[in-house]
Amino acid sequence: MGPFITGAGCATRCSAVTQRFPGRELRVHDHILKHHRRQSRAVAPALITVAQARALVLSHAVALGAEPVPAQDTLDRVLARDLRAAGPVPPLAASAMDGYAVSAGGAGRMLEVVGESRAGTPAGTAVVAGTAARISTGAVIPDGAEAVIRQEDVEVVGAGRIKLRTPVASGANIRRAGEDIRAGARVLRAGALIGPAELAVAVAAGARQLLVGRRPIVSVLCTGDELRAPGEPLPPGAIHNSNGPMLAALARRCGALVEPVQLLRDDRAATETGLSAALERSEVVIVSGGVSVGPHDHVKPALADLGAQKVFWGVALQPGKPVWFGTHEGTLVFGLPGNPVSAAVTFTLFAWPALRAMLGLPGADAPAQTARLGVPVARNPGREQALRVRLERDAHGLTASPTGPQASHILSSLLGAQALALVPAGEGELPAGSEVSLQPLPL
Ligand code: AMP
Ligand code: MG
């Protein structure tokens with residue numbers, strides 16, 4: 001509020017007043033009042049439900065194209081089409097043990113060792129009755145050999161001669177070609193998220209490159225004159241920009257390519273310039289703060305002037321009511337409330353499913369799990385609540401308990417939160433034990 005000081009008989013906007021007496025008349029500075037009158041006429045967005053908002057977001061989020069990427073660089077990417085094995089896995093019949101390749105037969109046989117099959121270097125000679133070949137784990141079974149006997153079950157009786165201590169069944173200790181994966185079999189489905197196991201399977205099945213979903217380019221913009229970069233000293237009234245790093249990290253964790261975070265001053269021209277550049281370079285723009293109804297909230301009018309189409313503003317959600325979503329020439333724009341928890345919640349409920357859909361991940365639209373509330377929760381009559389909860393599993397299933405105070409500025413209760421528990425709007429209290437749906441948190 002700059003030079004203005006709130007004292008008796010004077011109020012800043014949003015009623016920072018000295019004491020609460022109903023019916024008092026207070027003097028508010030003129031330019032602020034003018035804004036407030038304008039806002040009072042234009043605001044009070046009609047709230048839609050979380051499910052409606054999410055469906056609207058998803059109706060605009062389409063999978064980006066696919067691109068070939070060297071298989072070893074595809075960790076956390078999403079496979080764009082089914083992968084079939086180029087050949088059998090393992091590709092050859094190989095030994096499962098260090099020992100001797102032999103013909104099948106009884107114990108006590110004396111055999112002459114005629115060669116060696118090493119991993120990567122097959123034996124030059126075939127095995128016939130009366131002979132054996134030394135063999136290592138993973139080495140090719142020589143022609144004529146029917147089984148492998150373990151080194152521990154063999155006695156070396158002289159130069160190049162062994163005696164078998166045990167009988168050997170046909171096929172013993174041989175890994176057959178294609179025993180793991182048949183040539184041509186589907187090994188991974190389109191939509192699979194590539195983790196270390198998928199990587200190993202794809203490479204073993206002969207893949208050099210994988211066709212994976214392109215990663216959306218995301219810009220994160222933070223509005224607020226009060227914001228300072230991490231670690232900067234704070235003059236009076238300032239706070240650190242915690243949303244910037246958090247939202248960038250969330251988007252990165254979802255698989256997006258994230259541009260460096262930009263700070264925007266609470267100024268119409270600066271907001272428009274920053275947004276315009278971000279819209280130009282990105283497929284998703286995430287703006288934090290400045291989407292509410294305050295005199296210094298410039299995001300919505302700036303977006304409108306830049307030609308963005310509003311899809312919704314206002315969701316019956318606590319925290320996160322003022323969330324704005326729209327599009328600009330195919331770019332998705334999320335205007336998230338500045339309160340840190342509201343930003344995390346609205347990112348999780350709306351931006352995350354959109355990023356998943358753009359990456360080609362299936363099932364972006366439905367909260368997957370339910371849990372029982374560990375404590376009673378006072379319902380909000382008009383809004384669904386998203387509680388930060390930790391989860392405990394017992395014989396009856398999952399129990400969700402709040403991680404701490406749930407106000408939208410209590411950032412520390414994001415720590416240890418495993419999910420958002422969605423408490424439906426309604427009167428009175430939702431008793432402990434009630435079933436609620438869960439939205440996992442990508443925290
Ligand atoms: P706004 O949505 O701009 O009205 O901001 C709501 C609240 O969130 C205010 O207390 C802001 O100071 C705070 N806030 C806004 N942006 C950020 C940010 N990037 N990091 C941390 N807090 C923020
Ligand atoms: Mg602000």
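What share of the 443 residues in the protein chain do buried residues make up? The answer is 43%, and the close-up views below, taken from a predicted model, visit several of these residues and some of their surroundings.

**Figure 1. The protein chain as a whole.** Welcome to the predicted model. The protein chain holds seven helices and 31 strands. Take the contacts between residues at least 6 apart in sequence: 70% of them join residues at least 24 apart.

**Figure 2. Helices H4 and H7 pack against each other.** Two packed helices are described by the angle between their axes and the distance between the axes. Here, H4 spans residues 243-253 and H7 spans residues 340-359, and they pack at an angle of about 25° with axes 10 Å apart. Angles under 35 degrees count as roughly parallel, so H4 and H7 are roughly parallel to each other. Their crossing is right-handed. On the H4 side, the contact is made by Asn243, Met246, Leu247, Leu250 and Ala251, while H7 brings Pro340, Ala343, Ala344, Phe347 and Leu355. Sorted by class, this contact of H4 with H7 has nine nonpolar residues, one polar residue and no charged ones.

Figure 3. Look along residues 50-60 to find H2, whose buried residues are Val50, Ala53, Arg54, Val57 and Leu58.

Figure 4. You can find alanine 61 in the loop between H2 and strand E3 (66-70). Alanine 61 has a relative accessible area of 9% and is therefore buried. Leaving aside neighbours within four places in sequence, alanine 61 is in contact with Leu332, Ala354, Ala357 and Met358. Now turn to leucine 355, which takes part in the contact of H7 with H4. Alanine 61 and leucine 355 are 294 residues apart along the chain, yet their C-alpha atoms are separated by 7.6 Å.

**Figure 5. Serine 95 and the residues it touches.** Strand E5 (residues 94-95) includes serine 95. With a relative accessible area of 0%, serine 95 is buried. Not counting residues up to four places away in sequence, serine 95 touches Ile135, Ser136, Thr137, Gly138, Ala139, Ile141, Val148, Asn173 and Arg175.

Figure 6. The bond from valine 89 to proline 90 is cis, with omega near -5°. Proline 90 lies in the loop between strand E4 (83-84) and E5. Another cis bond joins glutamine 318 and proline 319, where omega is about -5°. Proline 319 has its place in the loop between strand E22 (317-318) and strand E23 (324-328).

Figure 7. Most residues other than glycine have a negative phi. Aspartate 76 has a phi near 70° and is placed in the loop between E3 and E4. For asparagine 173, phi is near 60°. This asparagine 173 belongs to the loop between strand E11 (161-164) and strand E12 (174-175). Is asparagine 173 buried or partly exposed? Asparagine 173 is partly exposed, with a relative accessible area of 26%.

Terms used. Residues are numbered from 1 along each chain as its sequence is written. Chains are lettered from A and ligands numbered from 1 in the order in which they are written. This is a predicted model: local features need pLDDT of at least 70, side-chain atom pairs count only at pLDDT 80 or more; totals for chains, interfaces and linings use all residues. Side-chain values use heavy atoms; hydrogens and water are left out. Axes are lines fitted to C-alpha atoms, for helices over the stretch in contact, and angles run from 0 to 180 degrees between N-to-C directions. Helices (H or I, at least four residues) and strands (E, at least two) are DSSP runs, numbered from the N terminus. Angles under 35 degrees count as roughly parallel, over 145 as roughly antiparallel, 65 to 115 as roughly perpendicular and the rest as oblique. A crossing is left-handed if the near helix is turned anticlockwise from the far one by less than a right angle, and right-handed if clockwise. Contact means heavy atoms within 4.5 Å. Ala, Val, Leu, Ile, Met, Phe, Trp, Tyr, Cys and Pro count as nonpolar, Asp, Glu, Lys and Arg as charged, and the others, Gly among them, as polar. Buried means under 20% relative accessible area, exposed over 50%, partly exposed in between (1.4 Å probe, protein chains only).
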